[in-house]
Amino acid sequence: MRVLKAYPLVFVGGLMVLVLIFVAIFADKLAPFNPDYQFANGLAADGAPLAPNHTFIMGTDDLGRDVYSRLLYGARISLEVGVFASLISLFIGTSLGIISGYYGKWIDSLIMRITDIMLAFPFILFVVALVAVLKPSVDNIFLAIGVLGWASTARIVRAQVLAVKEFEYVQAARALGSRQWRILFRIVLPNIMAPVIVLTTLAIGNNMLLESTLSFLGIGVQPPTPSWGSMLAEGQQVFEYAPWLLYYPGLALLFSVLGFNLLGDGLRELFNPRRVR
C-alpha cells in the first residue's frame, strides 16, 4: 500500500489493464447479443444505424449489429494481438540481446548490424508488407508485429548485459566454474528484467494501436470478426449521421492504450534504482 500511494500510476494503470482483461475474458458473458447478428429492427426506416437506446445501449452499425457487443468482443482481438506480439518480440529481442552483450566480439557486431538493418526500415510499412504477404488474420498480425519488433528490445537488453556482466557476483560465478547457461539465465537475466518488463508493457499498448491501424486500412482482422480498427473504418463512412460508431471504439482504444502506458510509466518509476526507498 505504501508503494501504491507513492506511485499511483501503477495502481491506476494496473486497474485499467485489469478491467480490459476482465472484459476480454468474459466478453461472451457481458455481451447482450451475438456481435455478428444483423437485427431486423437494427436499422431505421431509411436504413440508417440506430442511435443508442434502451435496447442497443451503444446503438447499431450500418448493418444493424449491436455496437456494444462488438466493442466487447473487439477487446479480445486487441489484447490478444498486443500481448502475443509483445511476447514474441520479448523472446527474440531478449535472447539476441543477452547473447550479443555477454559474448561480444564478432557475435556482438553481427547481431547489432542486423538490429541496425531492422531499425532502418519504416516499421509500420514493413509490417503492412509482411501481413499482406502472409494474408490478413489474427495469428499473422501478431506474428508479423512480433517478429519485426524485437530490435529495440535487443538494444536495451544488450546495454543492460554489458553493465551487469562486469559486476562482482557474475565474476564470482565464473570463478566458481558455473556453466555459461546458468550465468546467463539464472544470474544475468533476472538482473536485467526490470527495464525489459517496462518496455514490454509499453509495447503492448503500441501494438494494440498498430493492430487497429492495420484493421482500419483493411489488411488486419477481416470482417465479420469485430475489431476496434475495423469498427473505426466502418464508422468513418457514416460519421455525419452516426458519430457514435467512431466515438465508442475510439474511446475503448484510448482507454486501453492509456492504461498500459500509465502502468509502464509507473513501473519505470518503481524499478528506478535511484528512487528514494
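1. S100 touches D108, I111, M112 and R158, leaving aside residues up to four places away in sequence; contact means heavy atoms within 4.5 Å. The model is predicted: local features need pLDDT of at least 70 and side-chain atom pairs count only at pLDDT 80 or more, while totals for chains, interfaces and linings use all residues. Residues are numbered from 1 along each chain as its sequence is written, and side-chain values use heavy atoms, with hydrogens and water left out.

2. S100 is placed in helix α4. Helices (H or I, at least four residues) and strands (E, at least two) are DSSP runs, numbered from the N terminus. S100 counts as buried because its relative accessibility is 0%; buried means under 20% relative accessible area, with a 1.4 Å probe and protein chains only. The side chains of S100 and D108 are joined by a polar contact of 2.3 Å. Such a contact is a pair of N or O atoms within 3.5 Å; within protein, one must be able to donate a hydrogen and the other to accept it, and residues adjacent in sequence count only if both atoms are side-chain atoms.

3. An unreviewed UniProt entry places the feature "transmembrane region" at several spans, including 183-204 and 246-267; such annotations may be inferred rather than shown by experiment. Residues 183-204 are 82% helix and 0% strand, with end C-alpha atoms 29 Å apart. Residues 246-267 are 100% helix and 0% strand, and their end C-alpha atoms lie 32 Å apart.

4. The structure holds one cavity of 30 Å³ or more. On a 1 Å grid over the protein atoms alone, a cavity is a set of points where a 1.4 Å probe fits but cannot get out, and a pocket is an open set with protein on both sides within 12 Å along at least five of seven lines; lining residues have an atom within 4 Å of a point. The largest cavity is lined by D61, V67, R70, M231, E234, G235 and L245. Two or more of its lining residues come from each of α4 (67-103) and α12 (228-237), and α12 gives the largest share, three residues.

5. The second largest pocket is lined by 20 residues, of which F123, G149, W150, S152 and A203 lie nearest its centre. Elements giving two or more residues to this lining are α4, α5 (105-120), α7 (138-148), α8 (151-164) and α11 (193-217). The most, six residues, come from α11.

Methods
Grid points are joined across faces, edges and corners, and a volume is the space filled by probe spheres set on the points. Buried means under 20% relative accessible area, exposed over 50%, partly exposed in between (1.4 Å probe, protein chains only).
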